[in-house]
Protein chains: 2
Amino acid sequence: MTRIAVVTLDGFNEIDSFVASFMLGRVDRAGWSVAIASPTRQVTSMNGLTVTAQMPLDELPDADAVLVGSGARTREYARDPAFLASLQLDPSRQVIGSQCSGALLLARLGLLDGVPVCTDLLTKPWVIEAGADVVDQPFFASGNVATAGGCLSSPYLAAWTIARLAGVEAARSALFSVAPVGEKDEYVHRGMSHVERHLPVSTAAAPGQR
Amino acid sequence: MTRIAVVTLDGFNEIDSFVASFMLGRVDRAGWSVAIASPTRQVTSMNGLTVTAQMPLDELPDADAVLVGSGARTREYARDPAFLASLQLDPSRQVIGSQCSGALLLARLGLLDGVPVCTDLLTKPWVIEAGADVVDQPFFASGNVATAGGCLSSPYLAAWTIARLAGVEAARSALFSVAPVGEKDEYVHRGMSHVERHLPVSTAAAPGQR
């Protein structure tokens, strides 16, 4: 069983949750499941789109990977101790990632101490205020924790997560599948350069996954 | 008033509907609205995500622009005369676009006759069977009708739609906003090269829009 959660909150950014959930959801492996995880049964995006959650937050500890999406209300969530306590994440046994303002939540949880952090341009000052070191690049990962900045860096975060859980060839295939027609090779090359630079040596080289 | 509909059907592809609806939804202009348009009150994606529609299909004739998303069940929809009759589109007064398998629906409606068509690799044989001329590129537009192929060509389709309705600077700004941090200039350049190549001369050159 491989269980992946994409944390999606009220005021969410559709690109930041659904590009990743789509790419992860298309991986064809036995026992592989992907769910939108939310604090309430339904959540509404910053553009008024209402979706039905697929997993409550109290099941996050059971996930093998948790990606935290972005949204217009992340600063409010980041100030709410009860909400932060509901994000039970453990980087010693889970693959964890954030997209754009999701980095603010990971920073508040103490998961980004001492590592370069990627986030979007609007969130950048708040993440710096939370004590993190923001870099001008789309993707960074250190060990089991990754951050991505700018909505369309979400395919890199999704591909890295797939590489960690299903191997680099599955990640390459996922990027190829969503890339624009006529630009696929160039896109996969760019995406995999971000992914492979940030994999533990054992993942990148594992013969069973190539 | 500018009203934009993103047609989203059961079995839909999240990237293909929501990248465009997000980018279009962030355009900051008075009277500008974007809605997910579906045949039923709720639709469920190919990955099991249920969303609540924001517009019924019978309001499509009131839209200034209609983008048709993609999905796992497009071939079924394309064979259903009652469904096809519910897509009341008029390229003489509406901006119309399709993403990936959405091209199959536009082809059945006779909107792609004699023009190069972009679609995804899976849909390509069915679009050819429907009589269209599929090209190996991410985006093409002729007059008021555009097609895009490969999930991540959706920002190009959204940017072209924004350029048509709000001008090229608004399109450039939309691409910049969603581009990966650290890759924004390169991304905007690539996206705008697709958009500007396919604009009517009047749109591209209109001084009020630059």
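How do strand 2 and strand 5 of chain B pair, in the parallel or antiparallel sense, and over how many bridges? They pair in the parallel sense, over two bridges. (Two strands count as paired if DSSP finds at least two bridges between them.) This is a predicted model, in which local features need pLDDT of at least 70, side-chain atom pairs count only at pLDDT 80 or more, and totals for chains, interfaces and linings use all residues. Residues are numbered from 1 along each chain as its sequence is written, while chains are lettered from A and ligands numbered from 1 in the order in which they are written. Helices (H or I, at least four residues) and strands (E, at least two) are DSSP runs, numbered from the N terminus.

**The sheet in chain B**

- Chain B has an open sheet of seven strands, in the order 5-2-1-6-7-11-10, and the pairing is mixed.
- Its edge strands are strand 5 (55-56) and strand 10 (139-142), each of which pairs on one side only.
- Helix 1 of chain B lies across strands 1, 2, 6 and 7, and runs at about 160° to strand 2. (Angles run from 0 to 180 degrees between N-to-C directions, with axes as lines fitted to C-alpha atoms, for helices over the stretch in contact.)

**The sheet in chain A**

- Chain A also has seven strands in an open sheet, ordered 5-2-1-6-7-11-10 with mixed pairing.
- Strand 5 (55-56) and strand 10 of chain A sit at the edges with a single partner strand each, so one side of each has no neighbour in the sheet.
- Strand 1 (residues 2-7) and strand 6 (residues 65-68) of chain A run parallel, joined by four bridges, and Val6(A) stands opposite Leu67(A).
- Strand 11 (residues 145-148) of chain A pairs in the parallel sense with strand 7 (residues 95-99) over four bridges, and runs antiparallel to strand 10 (residues 139-142), again with four bridges.
- Ala146(A) in strand 11 has Gly97(A) opposite it, and Ala141(A) stands opposite Ala146(A) too.
- The hairpin of strands 10 and 11 of chain A has two residues between the strands, and Gly143(A) there takes a positive phi near 60°.

**Helices of chain A**

- (Buried means 20 or more other C-beta atoms within 10 Å of a residue's own, exposed means 12 or fewer, and partly exposed is in between; C-beta atoms are placed from the backbone.)
- Among those buried residues are Glu14(A), Asp16(A), Phe18(A) and Phe22(A).
- Helix 6 (residues 154-166) of chain A lies across strands 1, 6, 7, 10 and 11, running at about 175° to strand 7.

**How the two chains meet**

- The contact takes 37 residues from chain B and 37 residues from chain A. (Residues are in contact if their C-beta atoms, placed from the backbone, lie within 7 Å.)
- On the side of chain B that touches chain A, helix 1 of chain B gives the largest share, seven residues.
- 100% of the interface residues of chain B are also interface residues in chain A, so the copies meet through the same surface.
- Chain B can be laid on chain A with an RMSD of 0.0 Å by a turn of 180° and a shift of 0.0 Å along the axis. That is the relation of a two-fold axis. (Copies are superposed by least squares on the C-alpha atoms of residues with pLDDT of at least 70 in both.)
- Val51(B) is the residue of chain B that comes closest to the rotation axis, at 2.2 Å (C-alpha).

Technical notes: Two residues are in contact if their C-beta atoms, placed from the backbone, lie within 7 Å.
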